[in-house]
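Please look over the sequence and the structure shown here before reading the report.

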Amino acid sequence: MFKVGDYVVYGLNGVCRVEEIGPMNLSGVDNGKDYYTLMPLYTRGSLVYTPVDNKKVIMRSVISKKQACSLIDEMKDIEELEVVDDKRRELVYKEAVKSCDCRELIRIINTVLKRKEERLAQGKKMSACDERYLKQAKESLFGEFAVSLKIDKDEVQEFIEHRTTLKEMAPAS
């Protein structure tokens, strides 16, 4: 069980802070049941209420700074998603986003960026589907990295670029 003040990833709401835990005083709501009151960090003025025992939506702790740095270090080596055809592409992206798994979000980013390169080489622009899921994957991933690394979400891209540049410049051991 989470505690008040904990940061969690709650489904498509992204990173939230646990504000309260306890019964809800609303008519039609089971008063014998405890609920989390969650405040999404990147959606101003929004609160989410969910039963403590909710099994329908993924809810997990935010990754640690060490885990975030490790993922950043291996970002370029994380394989792309396998998509057989364009009809299934959106479904594959949607499932990866719903997983709330940082590695799956990186796979979306890597897949879309590779496709973007290929399409530009053919004189085509990025598809709307690719653009939408790239934005969604970055929003979710960078939101979680920001909390883990204790930096602003706007600084995450630069942090990643700086860290990967330093890693590339390091002498091979």
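## Confidence

This is a predicted model. The mean pLDDT of the protein is 92, and 95% of the residues score at least 70. Among the elements, strand β1, residues 7–10, has the highest mean pLDDT, 98. The lowest mean, 85, belongs to helix α5, residues 156–169.

## Helices α2 and α4

Helix α2 covers residues 86–98 and helix α4 covers residues 128–149. Their axes come within 11 Å and cross at roughly 5°. Angles under 35 degrees count as roughly parallel, and α2 and α4 are therefore roughly parallel to each other.

Which residues of α2 and α4 meet? From α2 these are Arg89, Glu90, Tyr93, Lys94 and Val97. From α4 they are Cys129, Asp130, Arg132, Tyr133 and Gln136. By class, the residues of this contact divide into 5 charged, 4 nonpolar and 1 polar.

## Tyrosine 7 in strand β1

Tyrosine 7 is part of strand β1.

Leaving aside residues up to four places away in sequence, tyrosine 7 touches Val15, Cys16, Arg17, Leu41, Ser61, Val62 and Val147. One of these, leucine 41, is 34 residues from tyrosine 7 in sequence. In space, the C-alpha atoms of tyrosine 7 and leucine 41 are 9.2 Å apart.

A disulfide is a covalent bond between the sulfur atoms of two cysteines. How many disulfides does the structure hold? The count is 0. Cysteine 69 is in no disulfide, and the nearest cysteine sulfur, that of cysteine 102, is 12 Å away. Cysteine 69 counts as buried, at 11% relative accessibility.

Most residues other than glycine have a negative phi. Cysteine 100 is not a glycine, yet its phi is positive, at about 60°. Cysteine 100 is found in the loop between α2 and α3.

Lysine 150 is not a glycine either, and its phi is positive, at about 60°. The place of lysine 150 is the loop between α4 and α5.

## Lysine 56

Where is lysine 56 found? Lysine 56 is in the loop between β4, residues 48–51, and β5, residues 59–61. Over 50% counts as exposed, so lysine 56, at 82% relative accessibility, counts as exposed.

Lysine 56 and glycine 11 are 45 residues apart in sequence. Their C-alpha atoms are 9.4 Å apart in space.

Conventions. Residues are numbered from 1 along each chain as its sequence is written. This is a predicted model: local features need pLDDT of at least 70, side-chain atom pairs count only at pLDDT 80 or more; totals for chains, interfaces and linings use all residues. Side-chain values use heavy atoms; hydrogens and water are left out. pLDDT is the predictor's confidence in each residue, from 0 to 100. Helices (H or I, at least four residues) and strands (E, at least two) are DSSP runs, numbered from the N terminus. Axes are lines fitted to C-alpha atoms, for helices over the stretch in contact, and angles run from 0 to 180 degrees between N-to-C directions. Angles under 35 degrees count as roughly parallel, over 145 as roughly antiparallel, 65 to 115 as roughly perpendicular and the rest as oblique. Contact means heavy atoms within 4.5 Å. Ala, Val, Leu, Ile, Met, Phe, Trp, Tyr, Cys and Pro count as nonpolar, Asp, Glu, Lys and Arg as charged, and the others, Gly among them, as polar. A disulfide is a pair of cysteine sulfur atoms within 2.5 Å. Buried means under 20% relative accessible area, exposed over 50%, partly exposed in between (1.4 Å probe, protein chains only).
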